[in-house]
Amino acid sequence: MRALVNQRFVTLAILAVVIAVLPLAFPSSYYFRVASLVWVSALAAIGLNILMGQAGQVSLGHAAFFGIGAYAVAIGPTHLGIPPWAALLFGALLSGVLAYLVGRPILRLKGHYLAIATLGLGVLVALVITTESRWTGGPDGMPVERLTLFGWRVSGSYTWYWVTGGLLLIGTWIALNLDETPTGRAFRALHDSEVAAQVVGVDVARFKLQAFVIAAIYASLAGSALAFMNGFINPDQAGFLHSVELVTIVVLGGLGSVVGSIVGAAVLVTLPQALTVFQEYEHLLLGLIIIVAMIFMRNGIVPSLSNLLLRRARS
Amino acid sequence: MNAKATHTILLATSLMGLALSHGALAQDTVKIGSVLSVTGPSSFLGEPEDKTLKLYVDKINAAGGVAGKKIELVIYDDGGDANKARTFATRLIEDDEVIAMVGGTTTGSTMAMIPVFEDAKVPFISLAGAIEVIDPVRKFVFKTPHTDKMACEKIFEDLKKRNLTKIGMISGTDGFGASMRAQCVKVAPNYGMQILIDENYGPRDSDMTAQLTKIKNTAGVQAVVNPGFGQGPAIVTRNYAQLGMTNIPFYQSHGVASKSFIDLAGPAAEGVRLPAAALLVGDKLPESDPQKKVVTEYRQAYEGATKQPVSTFGGHAYDGLFILVEAMKRANSTDPQKIRDEIEKTKGFVGTGGIVNMSATDHLGLDLSAFRMLEIKGGDWNLVASGS
């Protein structure tokens, strides 16, 4: 047990050091922006990984919660006069409640059926955001008021780098801890075999729902952070393609690996930026890299590479 | 999983992040940036823009550049994603250090990028349609395409001439359709227009007969207006003919002003009217038309280089680039602030979209004369003689 605590602490400490040291090598605020995007995507992916990697359930509509978080901080202050920070909490609450209500019936489904049901949820939320233009500004999106905390106006790529980095650290810490709690163990039991989990007394329905709600809240907070950071939001962030992107990050990085989600996000966010030099071939190369990664690292980047390193170390 | 290995990977990836390449800045070039939706759902807009910019920057450089400096064009493809556009905008400003930007294919991506350019005080000439881009006026933001409000006004002007005042509307729920619909509803009373029925359809719908039947059954509708772009309007046009509604005058928007609309809608497009830039009817303009020379030259250059029919969208990029280049010449400087001031002073610039006269309160500079009312006849665009 002691060893486990230490390992978690080391992972977290390394992440903190990476976040703190990276800026020393950044020549311009563009790099801060890209890094902040990595932290935000990673936060959403860590949440989704709790659902997919730990509890073994699929969600193809996760961007819906990302969108709810983003639009909560856009609509709250603009239309309802709620302070931005309260809108952030409200968005997280709304996502959690929605996940709870919707999760109860749909988490009874399995495999493809669950995938389709979550897909439907995602499409529905995106549809509402796109058509309720009186509230959401429609398909062209709407501006978001800047976040102010105790009179401090949070804006600029530098500031957001630290804010999102901090959020990621907290999110990582919670996810790492969760893995070692009875709840986390119940999740993994679910992942391996639902029947076996039920037999040993795990309340399957309750834990699935819990994982879904946790994942929704992570996504919602990440969405709020992105909306504040951009000062602008449009329905793409709640759309199907974004859901797919989140799933890709989780699978690419490694199912069930918290660090994997961060690495997956880093790859998927920075790769398109690095590939712009290839111009027309950008999308082709991006697709190729992901396919090759998935063929040769079937368990995801982090689990596959660490197994490889482990084998090397032994031989 | 071994924690040590995991940690090594975490460190390795963070190092990878630092490996993003970094170009050196040459002394005798100036950088102009562009973020376009070359791929994705808006690629039919972004692609001609991309080709036009590349074509003309090469031409300008071959002729010696601007004020003795060669232009280096930096184009990024946002794939129609506003969040990506925002990141690329930051990259243009912070990393490439461009002195100005001509780009922003869609209204969504333009709106997402505006704060970046406003903060950095770098001029941004947008290629997006909606009026929100320049209203309210932002110091560093300009645009070249006609606004959707102008399109509504042009249509209503034509309707008024024909003594038609009771109309039905059917609009797409995409950004373009929704925005233009709102503008039409807003300016309708100014022209004495009464909107009897207001229907809409999703951008990916494949049949609009239900909505059109409702319009057909609404008593008193004298004309139908269809704000929208992409394939939606082509389907509406086909359904319109199928329902035998062609005796009711039908108006499309400038959003369908490309040859592919006529191809998609087929014979059903006969008799459809729409406001569009002079570019589409360049060869039919009278010799006395001030835009004749510009539009025929652009058309020849574009079609010669790309072997594709010209569209007004590429024309917007042409206008944006040359408004910028002329401002740079007048400013005789690469200081973004000075270039901005000169862009705002653009007067009598003859572009493919019309004659541009900008001012501190008008960052578009086009009036209704920039739009020509066209009618589709014999599978081609034809100018509607004024008064008919």
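**View 1. Where chain A meets chain B.** In this predicted model, 46 residues of chain A make contact with 40 residues of chain B. On the chain A side, several helices each supply at least two of the touching residues: helix 1 (2–21), helix 2 (29–54), helix 5 (111–131), helix 12 (258–274), helix 13 (282–296) and helix 14 (301–314). Sorted by class, this side of chain A holds 22 nonpolar, 20 polar and four charged residues.

**View 2. Helix 11 of chain A and its surroundings.** Let us stay in chain A and look at helix 11, which runs over residues 240–253. This helix has 14 residues and reaches 20 Å from its first C-alpha to its last, close to the 20 Å expected at 1.5 Å a residue. Which residues of helix 11 of chain A are buried? They are A:His242, A:Ser243, A:Glu245, A:Leu246, A:Ile249, A:Val250, A:Val251, A:Leu252 and A:Gly253. Their cover includes helix 2, helix 3 (63–80), helix 5, helix 12, helix 13 and helix 14 of chain A.

**View 3. A glycine in helix 4 of chain A.** Here the focus is A:Gly91, found in helix 4 (residues 84–106) of chain A. Is A:Gly91 buried or exposed? A:Gly91 counts as buried because it has 27 C-beta neighbours inside 10 Å, where 20 or more are needed. Leaving out residues up to four places away in sequence, A:Gly91 touches A:Ile68, A:Gly69, A:Ala72, A:Val73, A:Ser220 and A:Ser224. For a sense of scale, A:Arg312 lies 47 Å from A:Gly91, C-alpha to C-alpha, and the two are 221 residues apart in sequence.

View 4. Chain B contains 12 helices and 14 strands. Its radius of gyration is 22 Å, close to the 21 Å that the globule rule gives for 388 residues, so chain B is as compact as a globular protein of that length. Along its principal axes, the C-alpha trace of chain B spans about 70 × 65 × 40 Å. Of its 388 residues, 55% count as buried. Among contacts in chain B with a separation of 6 or more, 68% join residues 24 or more positions apart.

**View 5. Strand 6 of chain B and its two partners.** Strand 6 (residues 166–172) of chain B pairs in the parallel sense with strand 7 (residues 194–201) of chain B, over seven bridges. Within this pairing, B:Lys166 stands opposite B:Gln194, and the bridge partner of B:Gly168 is B:Ile197. Strand 6 of chain B also pairs in the parallel sense with strand 8 (residues 223–226) of chain B, over three bridges. What stands opposite B:Gly168 in strand 8 of chain B? That residue is B:Val224. Six of the seven residues of strand 6 of chain B are buried, so this strand is largely enclosed by the rest of the structure.

**View 6. A β-α-β unit in chain B.** Follow the chain through strand 6, helix 6 (residues 175–187) and strand 7 of chain B, and you trace a right-handed β-α-β unit. The two strands of this unit are the parallel pair with seven bridges shown in the previous view.

Technical notes:
Residues are numbered from 1 along each chain as its sequence is written. Chains are lettered from A and ligands numbered from 1 in the order in which they are written. This is a predicted model: local features need pLDDT of at least 70, side-chain atom pairs count only at pLDDT 80 or more; totals for chains, interfaces and linings use all residues. Two residues are in contact if their C-beta atoms, placed from the backbone, lie within 7 Å. Helices (H or I, at least four residues) and strands (E, at least two) are DSSP runs, numbered from the N terminus. Ala, Val, Leu, Ile, Met, Phe, Trp, Tyr, Cys and Pro count as nonpolar, Asp, Glu, Lys and Arg as charged, and the others, Gly among them, as polar. A residue is buried if 20 or more other C-beta atoms lie within 10 Å of its own, exposed if 12 or fewer, and partly exposed in between; C-beta atoms are placed from the backbone. The radius of gyration is taken over C-alpha atoms; the globule rule is 2.2 Å times the number of residues to the power 0.38. Two strands pair if DSSP finds at least two bridges between them. A crossover is right-handed if, with the strands pointing away from the viewer, the path from the first strand over the helix to the second runs clockwise. The expected span of a helix is 1.5 Å times one less than its number of residues.
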